Amino acid sequence: MTVDQAAGARDTAPRSAHVPVVIVGAGPVGVTAALLLARRGVRTVVLERHHDIYPLPRAVAADDEVRRILQAAGVGDEFAAIARPARGLRLLDARHRVMAEFPRAAQGAHGFPQTSMFDQPELERLLRDALARRPECDLRTGVEVVGISVGVAVGPGVGIGGGVGVGVGQDGNGPVRVTFRQDGVEEHLWADAVLGCDGAGSLTRDAVGAGWQDLRFEERWTVVDVRTSAPVRCWEGVEQICDPDRPATFMRVGEDRYRWEFRLRDEPEPDHERLRELIAPWVDPSCGADLEVVRQAQYTFRARIADRWRRGRVFLLGDAAHLTPPFIGQGLGAGMRDAHNLTWKLARVLQQGADERLLETYESERKPHARHAIRLAVTMGWAMTGGQDGAAALRRGVLGAAFRIPGLPAAAARDLSPALAAGPLVRRRALRRARWGGRGLVGGICPQPWVTADGWRVRLDELLGDSFAVLTAAPPSPSLRAVADGLGARIVPVTDLGDDGRLSAWLREGRADAVLLRPDRVVMDEVPSGAADFTDIAGWAPLLHSARKPLPAQQTTDTSLLRSATR
């Protein structure tokens with residue numbers, strides 16, 4: 001549905017209606033969440049205060065896991081057309097000598113380049129275009145959300161024009177009322193769930209009663225995006241200048257697009273002349289006339305995480321839940337992982353009646369993972385600046401020596417997205433066996449090689465579909481088949497996929513005959529080598545049990561709560 005069509009529909013619709021999911025914020029995380037829900041037949045209304053996408057660049061890097069998420073959202077090919085691979089990350093000293101290099105492969109475990117550079121407005125445009133093609137999604141722009149009320153009682157005599165603000169019922173259960181203004185008219189939506197993708201100043205965070213936990217990093221930087229045809233001394237990756245006097249970041253974003261970031265102390269934002277001095281190590285100052293500054297903005301880089309991510313069925317995602325310094329390029333990626341983790345669980349609860357406790361695993365899984373990424377980013381920030389005290393040079397020397405230890409840079413790069421911690425959907429007994437008996441697969445993400453299906457070469461996820469899946473290197477037992485049938489999971493033997501034996505080797509290294517993959521491709525459980533069954537079906541099955549049959553894809557919950565309220 002286009003924006004104009006949505007506007008026309010609103011002219012004839014009542015001023016209050018019921019929808020399964022309301023998403024606050026139409027940035028990359030919010031729109032990706034809507035697309036992932038749409039692929040499972042869940043209707044959403046996305047509310048965005050701006051009339052169009054923000055035209056200036058912000059995020060510029062995505063890892064291979066993020067590209068896999070975009071593939072799951074149905075825009076993988078479109079993103080490939082606007083992205084360009086990068087070679088990795090270099091740490092340079094004040095004289096621009098290489099201290100350490102973190103290489104990134106042309107094809108990572110997820111089937112894509114491990115680092116890709118892109119222009120955020122282009123990403124947002126292709127996501128919006130994909131959203132317009134989905135009948136399950138309704139994007140409303142120019143909307144100001146002014147109230148989110150959780151656990152509101154609904155019944156005869158309850159008005160719909162309540163006060164502005166945020167509110168929470170005593171237990172946080174029940175429907176969620178979202179109040180918004182558009183063209184001077186106040187409207188309401190009743191939702192079964194609300195996803196707060198509304199950024200660092202999130203109104204949704206207030207609605208769930210969350211506060212920030214400060215992870216002790218705050219610096220003021222200027223970010224400069226430049227377009228030039230002049231020669232630029234450029235390594236095809238990201239460069240971090242580890243100089244406490246003038247730490248900086250440099251990267252090539254596009255064919256003629258470059259980004260510099262410089263830390264500011266007690267000084268004004270650099271003017272054009274000062275900017276030419278700052279970028280002189282990369283661009284000859286005589287080329288100044290050929291430099292077009294696309295954007296120059298000041299940012300305060302912070303490291304924070306919300307102390308709670310949910311109340312009832314209101315959830316925080318992306319910058320509403322966590323703020324990550326940009327030094328490892330995981331700000332956008334963390335939000336995309338939030339969307340991928342939550343949407344399949346929410347769809348299973350809303351459409352198939354899965355246990356409400358399934359939704360509790362969103363915060364318990366994503367929060368430690370996000371905290372890990374933030375701490376890595378803070379560590380990299382300190383590696384860059386070395387602090388601002390007398391021991392800065394000593395710390396930089398120690399870091400430089402550590403980075404020269406063979407294998408350490410590659411290990412640090414792999415640690416950007418570690419396996420999930422043990423929990424209801426990441427079986428603790430399997431993890432304990434893996435810890436003492438091998439590397440283990442549970443909690444990690446299955447690799448995605450190219451495979452052959454019906455004579456076609458496709459990526460693994462295209463073969464597996466959007467639901468659970470079982471990969472097996474041994475004939476499945478009757479009980480394993482029963483589990484797969486109960487979950488609607490496809491059983492895929494890995495022995496004849498035309499993947500050069502990659503999945504067979506992965507299972508063998510993990511000492512498993514089979515694995516159960518969640519819809520987000522995390523390994524939930526495994527069949528240890530020589531065993532016949534998964535390690536702990538009784539642990540996770542109650543959360544996934546469906547209390548009712550799935551709703552037909554075209555069916556939506558039109559039985560408006562408003563109807564009972566105004567009867």
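**Helix packing and selected residues**

User: Which is the crossing of helix 2 and helix 5, left-handed or right-handed?

Analyst: This is a predicted model, in which local features need pLDDT of at least 70 and side-chain atom pairs count only at pLDDT 80 or more, while totals for chains, interfaces and linings use all residues. Residues are numbered from 1 along each chain as its sequence is written, and side-chain values use heavy atoms, with hydrogens and water left out. A crossing is left-handed if the near helix is turned anticlockwise from the far one by less than a right angle, and right-handed if clockwise. The crossing of helix 2 and helix 5 is left-handed.

User: What is the relative direction of helix 2 and helix 5?

Analyst: Angles run from 0 to 180 degrees between N-to-C directions of axes fitted to C-alpha atoms, for helices over the stretch in contact; under 35 degrees counts as roughly parallel, over 145 as roughly antiparallel, 65 to 115 as roughly perpendicular and the rest as oblique. Helix 2 packs against helix 5 (residues 120-132) with the axes 10 Å apart and an angle of about 30 degrees. Helix 2 and helix 5 are therefore roughly parallel.

User: How do the residues of the contact of helix 2 with helix 5 divide by class?

Analyst: With contact meaning heavy atoms within 4.5 Å, helix 2 contributes Pro 28, Val 31, Thr 32, Ala 34 and Leu 35, and helix 5 contributes Gln 120, Leu 123, Glu 124, Leu 127, Arg 128, Ala 130 and Leu 131. Ala, Val, Leu, Ile, Met, Phe, Trp, Tyr, Cys and Pro count as nonpolar, Asp, Glu, Lys and Arg as charged, and the others, Gly among them, as polar. The contact of helix 2 with helix 5 divides into eight nonpolar, two polar and two charged residues.

User: At what angle do the axes of helix 2 and helix 8 cross?

Analyst: Helix 2 spans residues 28-38 and helix 8 spans residues 331-352. Their axes come within 9 Å, and the crossing angle is roughly 30 degrees.

User: What follows from that angle for the relative direction of helix 2 and helix 8?

Analyst: The crossing of helix 2 and helix 8 is right-handed. The angle makes helix 2, relative to helix 8, roughly parallel.

User: How many charged residues does the contact of helix 2 with helix 8 have?

Analyst: Pro 28, Val 29, Thr 32, Ala 33, Leu 36 and Leu 37 of helix 2 meet Leu 332, Gly 335, Met 336, Ala 339, His 340, Thr 343 and Ala 347 of helix 8. By class, this contact has nine nonpolar residues, four polar residues and, of charged residues, none.

User: Helix 8 also packs with helix 9; how many charged residues does that contact have?

Analyst: Helix 8 and helix 9 (residues 360-385) lie with their axes 10 Å apart at an angle of about 160 degrees, and they are therefore roughly antiparallel. The crossing is right-handed. Ala 334, Arg 337, Asp 338, Asn 341, Leu 342 and Lys 345 of helix 8 touch Thr 361, Tyr 362, Glu 365, Arg 366 and His 369 of helix 9. By class, the residues of this contact are three nonpolar, three polar and, as charged residues, five.

User: Which is Arg 140, buried or exposed?

Analyst: Arg 140 is found in strand 8 (residues 137-141), and its C-alpha atom is separated by 6.2 Å from that of Glu 48, 92 residues apart along the chain. Buried means under 20% relative accessible area, exposed over 50% and partly exposed in between, with a 1.4 Å probe and protein chains only. Because its relative accessibility is 11%, Arg 140 counts as buried.

User: What is the relative accessibility of Arg 216?

Analyst: Arg 216 lies in strand 13 (residues 212-227). Its phi is near 65 degrees, a positive value in a residue other than glycine. Arg 216 counts as exposed because its relative accessibility is 73%.

User: Which residues does Ala 94 touch, not counting residues up to four places away in sequence?

Analyst: Ala 94 is placed in the loop between strand 5 and strand 6 and is partly exposed, with a relative accessible area of 46%. From C-alpha to C-alpha, Ala 94 and Met 384 are 9.9 Å apart in space and 290 residues apart in sequence. Beyond residues up to four places away in sequence, Ala 94 touches Cys 242 and Asp 243.

User: How many strands does the protein chain have?

Analyst: Helices (H or I, at least four residues) and strands (E, at least two) are DSSP runs, numbered from the N terminus. Of the 567 residues of the protein chain, 56% count as buried. The protein chain has 17 helices and, as strands, 26.
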